[in-house]
Structure formats: structure tokens, C-alpha cells
Amino acid sequence: MAQVISLDSLMIPVSTDTMRQQLESGGCSSSSCGSSDGPADMAPEVWAKVKDHPCYSEEAHHYFARMHVAVAPACNIQCNYCNRKYDCANESRPGVVSEKLTPEQALRKVVTVANEVPQLSVLGIAGPGDACYDWKRTKATFDLVAKEIPDIKLCLSTNGLALPDHVDEIADMNIDHVTITINMVDPQVGTGIYPWIFYNHRRWTGLEAAKILHERQMQGLEMLAARNILVKVNSVMIPGVNDEHLVEVNKVVKAKGAFLHNVMPLISDPAHGTYFGLNGQRGPRAMELKALQDKLSDGTKLMRHCRQCRADAVGLLGEDRGQEFTMDQLAEEISYDPSKRAAYREIVAENRGEHVAQKAAAAEVVAESDTDATVLVAVATKGGGRINQHFGHATEFQVYEVSPSGIGFVGHRKVDQYCQGGWGEDATLDGVLAVLEGVTIVLCAKVGDCPKDSLAAAGIQVSHDYAYDWIESGIAAWYAAAYPSAARLSA
Ligand code: CLF
Ligand code: SF4
């Protein structure tokens, strides 16, 4: 009998056979035509740790989901971009956490999600305060979940101040992924970001506070790297405060063994009640963020697909299914059923090989073009690595840079959904146009004439000619048509 599961955030029940057909539609269907053994420059044991982690592998984020449980409300520092009535800005976009959980409640929630979201691969604790400062709750939660779902990856996020005190336990608990938010390596810069910290039973302010925080962050990073725990460094880009300094941060954290660097834009709004929000500190524009990330490309590997999730986020990055799993909707008694996650993993394993092969083929196609044009292409996707979302349904576009040197993911741009119950909103479309600054073409599964005309008037093309193709294949086919090579024309 067909097993009923939910795939690719389609939110519809499909059989595993249907799921297989969807993933395999378009392109070759043989899993032997490519390899998902990992990038050539990555050791196999490292690839094994990151290949199913949606934050640590850009490729994995097309297939796998994370969930956060908000079990750690206490924090030991104050960041000028945080108002704790809102989510932790280290790891989340501002927005209240729906509910704080006890470790036992968190276990019930994780088991429920694992039974219903086959893409789930990672459990993260990212606040809403600090996972290391609120260590008892963090540890109790991870211990409970690891016993029940041994193959789930455990991941935590911290400001680093309490981190050195817990590194040995982190290693003992098989936590392979730790994020430290490091916004400066010069305490003087830190004075503009952190008004105070609480350390060794007292409050510290000014330069002293920033010095202690910096030293503890560096110590924690080095201790984790020495234990082969993969460290991601998150940095909040704050124009005029630390934006230029982040080049130095990148160099230092790379030298100290960070695996990945994730530069996130400051989210600043007076409505959030943060110091920065109330004082008019702006966040960077998408193109400013990209320019900084491009400067850092030779440094520590960069994460460009971060969605600044809530501390109670559930689902693929870019979707939030948290409201489906609030405590009042969960059964009192629930036991873990591993079958859906196992079935999903099998199918992903088969399809990843093909995706890798199609990416390589796409790179060859663009390499043949007689042009030096470097353009940005925005893609509407619901996941699975395909161009599979209608323009009007998109709440974000994934942006790729394409040139004869290759096709690379450069980030996502959030938008308000254009299509509302069958109608398109002109005001929303204006917002979408602003967000698509610098983009040459949007590839999607379907688009109506009205938004198409408006985008054309703004100099942005939009096409559904590559609907359901692999993202890279569709981009390559469009690029080859837009910039044909002499060899191809004469063939
Ligand atoms: Fe969560 Fe963070 Fe682990 Fe991922 S999120 S604790 S590493 S499982 Fe990911 Fe969300 Fe960005 Fe964080 S997209 S905010 S980087
Ligand atoms: Fe807020 Fe997180 Fe900073 Fe603490 S570490 S003040 S919770 S952003």
C-alpha cells in the first residue's frame, strides 16, 4: 500500500511513488549518472556531517528541513539589535516566539514533527535567549530527543559568552554543529553593538564587556575546532558599525578554524523596539550585502542561504510551518515512527546524484557562451532543486549569479506574495520590483500576463519556459539562448 507523506512542502498527501515521479520528472532519471559523494575539496567525513544539514550545505537546503524548539529563553548579553520580546536576532527574524517549551514539551513537538515532516534532519536550539547560558534546558532537551530519534542532527546557536564552559559536554553529546554569532574581533567595534554583558556574577559594560565577549568567543571557537565540531560563524552586518570590519572578522574566524561564515543583514524596525530600530540604524540593502559577501568569497566558506529563522521555526528554510505544531495541536501521547523519514531519505539519495550531474552539465553549457555577461537570475521554487513555483505564490526568490564561469547561488530575496486569492495586488508588485533590484530574469513555473508586463516595463524578464527543470538546467538553457555561442549557432 502506498505510504502517505508530505513532500517538498507541497502540503498535499502523496504516495512515495508519486513523490519519486515528481522528483525525477525532467532530465535523466538514472541515479548512476552523477555523484553526490560531496565536493572534491571536502573530506568525506566532513561531507557526511553536512550533506543533510540545510544550513551547512546549500545543496541540502533544497531537500532537508530543520526545526527549532524555543527552550532557552534566558540570555547573558544585550545586543543593540535585540528586544527579547522578539525572537533572538542571532538566529531569527524579529517576531514573537509563539510559546516557550519545557524539554518534555519540546520532545513531544519534535516527535510529532518528525512523524509528519519527512524532510526533517536537524533539531536546533537557537534561543529565544542563549542556548549555552540556558544550558540545563538545552542539554535536557537534546538528551531526551537523541534517545528517541538517534539519527537527528543536533545543532545549537550561541553568542559564545558561556560557550567555553560547555564544549566538553557538547562533544560528549555528539553535537556536530555549533553556531557562534561573532560581530566583531575588535572590542572597540563591539562597544557599538553590545551595551552590556553578564559574566562571573556581575554586569560589565563598555570596552571591558566587549573585550570579555571577544575573548570568550575566540576561546570557544578554538575549543570546538580542536574537537572537530563544525563551527558556523554568524555575523550581523550593521552598516556604518561593523560592515567594513566583517572582512577582518572573516579572516580571523577562518584562521581559527570556522567551517562556514554567514553574514546576515541587520533587520531594523522601530516597531521592534530595539536600540538600533529606535535610533534609525538601517540594515543593508540586498546589493550591499551581496557586495560584502563577494569580498569574502575567498575567505571561510560562505553561507548565502540563511533565512534568519525564528527560534521556533519548522520546515524547509524559507517556509515556516511552526503554526501547524503549536502545543495545543499536539497529542498528549505520541511515539516516533521513523518510516516516513526513511522513505524520503531513500528517494533524495537517488535524486541527488542526478541533480549533481545536471548541475555539472549546466556548468558546461554556460562555459561555452561567447560572452562575459554576469547576470542575476531569480527563481521561484518550493524546494527539491526545481523551478516549481508560480510567480504569484512566491514569498521569496532564490537568486543565482550566472556567467561563463558557472552558476552560483548568491542569496534569497523575500517578497510579499503577489497573488492573493486569485487577484494580484499592484502595491505588492511594486514591492516585488524593488526587491528584484539587479535581477535580469525571473524563472518560475507559471506567470500571468499582468505581472509579466509590469516586470517587462521595469526591465526585468520573467519566463515559465523552464518550468519543473532543475534550477541550474533551466538557468543554463536560458543563458545559452540569451548569449548564444558562435559554435552553437553554426552547429
Ligand atoms: Fe537552526 Fe542555526 Fe542550526 Fe540551522 S538555523 S541553529 S544552523 S538548524 Fe540556518 Fe536559520 Fe540561518 Fe540559523 S537558516 S538562521 S543559519
Ligand atoms: Fe538577543 Fe540573542 Fe543578543 Fe541575547 S544573544 S541579546 S537573545 S540577539
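Two strands count as paired if DSSP finds at least two bridges between them, and helices (H or I, at least four residues) and strands (E, at least two) are DSSP runs numbered from the N terminus. With that in hand, welcome to the structure.

This is a predicted model, in which local features need pLDDT of at least 70 and side-chain atom pairs count only at pLDDT 80 or more, while totals for chains, interfaces and linings use all residues. Residues are numbered from 1 along each chain as its sequence is written, and side-chain values use heavy atoms, leaving out hydrogens and water.

**Strands and the sheet**

Let us start with the hairpin of β8 and β9. Strand β8 (residues 196–199) runs antiparallel to β9 (residues 202–205), and four bridges join them. Phe198 stands opposite Arg203 in β9. Two residues lie between the strands of this hairpin, where Asn200 takes a positive phi near 55 degrees.

| Strands | Sense | Bridges |
|---|---|---|
| β4 and β8 | antiparallel | two bridges |
| β8 and β9 | antiparallel | four bridges |
| β6 and β7 | parallel | four bridges |

Axes are lines fitted to C-alpha atoms, for helices over the stretch in contact, and angles run from 0 to 180 degrees between N-to-C directions.

**Two helices side by side**

How do α11 and α14 cross? The axes of helix α11 (residues 339–367) and helix α14 (residues 471–482) come within 8 Å and cross at roughly 15 degrees. That makes α11 roughly parallel to α14, a term for angles under 35 degrees. Among the residues making the contact are His355 and Val366 of α11 and Tyr479 of α14.

**A salt bridge across the chain**

A salt bridge is a side-chain nitrogen of Lys or Arg within 4 Å of a carboxyl oxygen of Asp or Glu, and the whole structure holds 19 of them. In one, Asp151 pairs with Arg341, the closest N and O atoms being 2.9 Å apart. Asp151 sits in the loop between α4 (135–148) and β6 (153–158), whereas Arg341 belongs to helix α11, 190 residues apart.

Terms used. Chains are lettered from A and ligands numbered from 1 in the order in which they are written. Angles under 35 degrees count as roughly parallel, over 145 as roughly antiparallel, 65 to 115 as roughly perpendicular and the rest as oblique. Contact means heavy atoms within 4.5 Å.
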